[in-house]
Amino acid sequence: MNQASKKLAAIGIGLLWSAAGITAHAAQSVPMPRLLHDHGRYELQVDGKPYLILGAQVNNSSNWPATLDKVWPAVTDMHANTVLVPMAWQQIEPSRGHFDFSYLDTLVKQARAHDVRLGLLWFATWKNNNPNYAPSWVKLDNQRFPRVVDKQGHVLNSLSPFGENTLQADRTAFVALMTHLKQIDGDRHTVIMMQVENEAGTFGTDRDYSAAADRQFKQDVPATLLKAMHKSGGSWSQVFGEHAAEYFHAWSIAHYINQVATAGKAVYDLPMYVNAMLRPPIGPARPGFDYSSGGPTYNVLDIWKAAGPALDMITPDIYMRDYKKYTTVLDQYHRPDNALFVSETGNDKPYARYIFASLGKQAIGYSPFGIDFTPYSNWPLGARKMDPESLAPFALNYELLRPMASQIAALSFQGKVWGVSEPIDKHVQTIDLGAWRVRVSYGLPEFGNAQFGHFIPKGNPKPVGGVLIAQLGPDKYLVTGLHARVEFLPPKGKPNEHLILDRVEQGQYVDGQWKFLRMWNGDQTDWGLNFVGAPEVLHVSLGTY
Ligand code: DGJ
């Protein structure tokens with residue numbers, strides 16, 4: 001930012017901020033949100049406490065004051081604790097150097113009134129590959145802000161990661177955003193994290209073939225990347241062979257975004273992440289054609305990690321209904337060097353159960369996309385219509401989990417959480433808890449079992465089941481779920497011991513404390529612990545005889 005635009009930005013910030021009536025405090029009274037990492041596990045902390053993101057992402061164009069009254073009813077119905085909202089470059093810097101943060105001011109005020117936290121999505125150089133959310137003075141000026149060029153010389157609708165002016169302008173706007181955010185929210189942290197760009201990458205080519213890109217492509221691979229990939233030196237083609245073009249594009253985009261994030265963090269150090277438009281998780285696929293090249297797809301995560309130390313997480317946007325594909329993606333992004341956060345997923349009913357499998361992979365959060373009551377529907381990715389009825393299974397998940405979200409986050413960080421979702425082709429799953437095992441069955445009535453001959457698990461009529469278990473003590477577990485039967489099995493390696501349920505307490509968490517409601521026994525435990533479509537939580541103590 002030159003001096004004149006800095007001054008303008010500062011005046012704009014001050015005026016809009018006081019106009020919005022948000023009080024600023026110089027001192028930070030609560031700790032910054034941060035992502036803890038230990039032994040390959042992660043915990044997001046907000047206000048110094050473990051935090052599980054029970055998220056809701058609004059539709060793309062719901063980032064205007066006029067749509068907020070369609071957003072809050074859906075968020076409230078859903079019991080979400082965090083709302084992910086686009087912050088578009090075109091919206092905050094419609095003309096160069098003139099910033100308008102009035103929407104952000106309104107959003108933060110209203111989020112506080114609705115008792116939710118926010119994640120802001122920086123739609124700038126990349127929003128699903130393209131710069132459509134960049135201001136007109138950027139996206140219409142190919143000279144100053146060059147686009148990616150394919151091998152044949154066609155100009156594509158993706159900005160080049162080699163555009164120096166583009167990087168400078170994007171970074172300046174992002175820094176202005178973070179500066180303003182710190183001023184209005186630095187003492188409260190209503191905004192807990194930033195997504196830097198959106199689904200970066202390019203369709204239509206495996207890399208940028210512009211002259212600037214070609215010059216770089218002929219250079220040696222940077223030492224940081226060689227080290228991370230355990231390779232010795234040479235040009236991109238020499239080191240990476242047939243993958244050279246894609247790896248080069250991934251490195252270039254990640255390096256660009258890392259610079260934006262670094263500059264933003266220098267001003268206001270919130271957790272920052274990038275989200276991924278996925279490569280098909282199974283089987284071969286062509287970069288730039290079957291999936292967006294250069295984005296943080298699972299095959300280039302090592303490259304993104306090496307190029308993006310300022311990026312706290314790389315997160316999958318999962319719009320695959322298929323169980324095998326969905327759970328494969330969870331495995332691909334749940335890594336010792338990456339916290340799993342399902343930053344987007346479909347808002348149609350079959351997706352709702354996947355929160356359990358996500359938490360079973362130590363997810364720090366989960367956030368369906370398209371959560372507001374504007375008339376838009378993103379079928380077939382999501383629901384045909386977003387209304388309270390479509391929202392119901394997602395609302396039930398959060399109604400169940402929100403009272404104990406902090407406890408689950410803390411136990412997950414200790415490696416004491418397991419979770420499964422209902423597959424299509426199997427109706428029984430086994431979970432290994434170490435000392436004990438658990439059988440989960442889907443599609444059984446609440447009374448009776450297979451020994452009676454007439455109850456073979458056939459699965460729910462539609463796959464809606466899921467189970468979550470967390471260890472509270474050596475033989476004590478928190479158990480919950482929906483549309484599933486849970487049976488503990490005798491301790492491993494002790495064939496002569498018989499399991500007995502010592503105590504099965506139903507209760508609920510209130511202000512972090514377990515409140516006993518009643519004991520389950522008799523019919524409620526003789527046939528396993530049967531969870532139906534109600535938010536029920538148990539503390540189960542196990543013994544043997
Ligand atoms: C993924 C993108 O990140 C979202 O902004 C949105 O466009 C969805 N795809 C599709 O609804």
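R207 and D214 pair through their side chains in a salt bridge, 2.9 Å from N to O. A salt bridge here is a side-chain nitrogen of Lys or Arg within 4 Å of a carboxyl oxygen of Asp or Glu. R207 is buried at 5% relative accessibility. D214 is partly exposed at 25%. Buried means under 20% relative accessible area, exposed over 50%, and partly exposed in between (1.4 Å probe, protein chains only).

The model is predicted: local features need pLDDT of at least 70, side-chain atom pairs count only at pLDDT 80 or more, and totals for chains, interfaces and linings use all residues. Residues are numbered from 1 along each chain as its sequence is written, and side-chain values use heavy atoms, with hydrogens and water left out.

The rule gives 13 salt bridges. Three of them are tabulated, including the pair above.

| Salt bridge | N to O distance |
|---|---|
| R207 and D214 | 2.9 Å |
| D290 and R286 | 3.1 Å |
| E487 and R439 | 3.4 Å |

E487 and R439 form a salt bridge. E487 sits in strand β19 (residues 484–489) and R439 in strand β16 (residues 437–441), so the pair ties together parts 48 residues apart in sequence. Strands (E, at least two residues) are DSSP runs, numbered from the N terminus. E487 is buried at 17% relative accessibility. R439 is partly exposed at 33%.

Elsewhere, salt bridges with shared partners join D302, R335 and D337 into one network.

Definitions and conventions: Helix = DSSP H or I, 4+ residues; strand = E, 2+ residues; numbered from the N terminus.
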